[in-house]
Amino acid sequence: MEQTNQPTIQVTASGKVVVTNAKDVVLLDGEGNPIAKRNRFALCNCGKTQDGPFCDGAHKE
Ligand code: FES
């Protein structure tokens, strides 16, 4: 994949959703409240995480 400084969202083969260059990305919960996040993070797309909305690696189990 081409390197870019733009925010990118990648759905990986394992199911997680990786967000990079996310400095200006606002992540909100279901009620519209901001969720603290890093410049690069992965969102769970499998429903197994214990650290929602972030992937904690539970999809591997
Ligand atoms: S995608 Fe990784 S824990 Fe769900």
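Strands S2 and S3 pair in the antiparallel sense over three bridges, where strands are DSSP runs of E of at least two residues, numbered from the N terminus, and two strands pair if DSSP finds at least two bridges between them. The structure is a predicted model, in which local features need pLDDT of at least 70, side-chain atom pairs count only at pLDDT 80 or more, and totals for chains, interfaces and linings use all residues. Residues are numbered from 1 along each chain as its sequence is written.

Strand S1, residues 8-11, pairs with S2 in the antiparallel sense over four bridges. S1 and S2 form a hairpin with five residues between them, and in the turn Gly15 has a positive phi of about 110°.

Two further backbone features were identified. Most residues other than glycine have a negative phi, and most peptide bonds are trans. Asn21 is not a glycine, yet has a positive phi of about 55°. Asn21 is found in the loop between S2 (17-20) and S3. Asn21 counts as partly exposed because it has 14 C-beta neighbours inside 10 Å; a residue is buried if 20 or more other C-beta atoms lie within 10 Å of its own, exposed if 12 or fewer, and partly exposed in between, with C-beta atoms placed from the backbone.

The peptide bond from Gly52 to Pro53 is cis, with omega near 10°. Pro53 is found in the segment after S3 (41-43).
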